[in-house]
Amino acid sequence: MTRQQSGMTLIELLVSMLLSLFLIAGISQLFMESQQNFALERNLSDMTEDAVFVLDLLSKSMALAGYSSDGKMDLFKTDTAVIGSKIDFNQNEYIHGLDNELVYRFKLTDEKELNNSLCTNSLTYKENDMLTISIYEDKDGDGVPVFYCKVKQTNVDPLNAKPLISQVEKLEFRYGVQIKNDINNLDDDTFYYAKAADVSDWKSIFAVKVFLVMRSADNNLTNAKMKYTIENTVYTASDNRLYHVFSKVIYLQALAQ
């Protein structure tokens, strides 16, 4: 007797293929989402680490602004167009800035002070030399926003700008101004943070508030262009990267001398 052979019908085959396609599509979607989440987490982690690095660097270096072991400010003389910038120093001023650039200076008293900043760690120590440091953000040759510093040492030609870290979209400063009381002395309890144009006496600056906007190295991580806020100003990104604002208040020591 001849046995009848049986198998899948065309409809069953089509249904199986359709189910397989749905399964493959689901797995592919999960894989793409996991890759997207991984990219987001990796970029956000890198942004955070870089921001911590920059803010710690500024804290250690700017803590010396106006410092001199003998407390004398006579070394801080008038200096115009400091290190090629638009900033001018008046007599006895040790810090001056714009909204997007800051310049400060201090007297060297210990070789270890050079290690407080990557801007200065390659310098040759000379006691009582004055160091002038400029920090700002600018684009490199490829259009990538970079955090730069520039340093000038007494009787030494200014060094070229030194790139420290990339993907710094914006660097802004607000200056802590102490208000004078009725007897024309600084009042320790009354202060405000001002833009550079609103600072009339740079010798009264006791702190600097730094706003640091980091962007992700990878593009096309978001569906829409991100917005971020510095104080009351809202900015819209020009691409689909991640953006995040970090801030820190750095207190100066010179007024305490």
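Author: Let us begin with Glu231, which has a relative accessible area of 39%. The model is a predicted one, in which local features need pLDDT of at least 70 and side-chain atom pairs count only at pLDDT 80 or more, while totals for chains, interfaces and linings use all residues. Residues are numbered from 1 along each chain as its sequence is written, and side-chain values use heavy atoms, with hydrogens and water left out.

Reader: Why is Glu231 called partly exposed?

Author: Buried means under 20% relative accessible area and exposed means over 50%, with partly exposed in between (1.4 Å probe, protein chains only). Glu231, at 39%, falls between these limits and is therefore partly exposed.

Reader: What makes the contact of Glu231 with Arg174 a salt bridge?

Author: The rule asks for a side-chain nitrogen of Lys or Arg within 4 Å of a carboxyl oxygen of Asp or Glu. In the pair Glu231 and Arg174 the closest N and O atoms are 2.8 Å apart, and the contact is a salt bridge. Glu231 belongs to the loop between β9 (227-230) and β10 (233-236), whereas Arg174 belongs to strand β6, so the bridge ties together parts 57 residues apart in sequence. Helices (H or I, at least four residues) and strands (E, at least two) are DSSP runs, numbered from the N terminus. Arg174 has 4% relative accessibility and hence counts as buried.

Reader: How many salt bridges does this rule give, and what can be said of the one between Asp239 and Arg241?

Author: The count comes to 10 salt bridges. For Asp239 and Arg241 the closest N and O atoms are 2.9 Å apart. Asp239 is buried at 11% relative accessibility, and Arg241 is buried at 12%. Through salt bridges that share partners, Glu169, Arg215, Asp239 and Arg241 are joined into one network.

Reader: How do you know that Lys139 and Glu137 also qualify?

Author: Their side chains meet at 3.6 Å, N to O, in a salt bridge. Lys139 has 43% relative accessibility and thus counts as partly exposed.

Reader: What makes Gly176 buried, and which residues are in contact with it?

Author: Gly176 lies in strand β6 (residues 168-180). Its relative accessibility is 0%, so Gly176 counts as buried. Contact means heavy atoms within 4.5 Å. Apart from neighbours within four places in sequence, Gly176 is in contact with Tyr192, Tyr193, Ser204, Ile205, Phe206 and Ala207.

Reader: Why are the phi angles of Ala81 and Ile83 worth noting?

Author: They stand out because most residues other than glycine have a negative phi. Ala81 has a positive phi of about 45° although it is not a glycine, and phi of Ile83, likewise not a glycine, is near 50°. Ala81 lies in the loop between α1 and β1 (95-97), and Ile83 is placed in the loop between α1 and β1. Ala81, at 40% relative accessibility, counts as partly exposed, whereas Ile83, at 10%, counts as buried.
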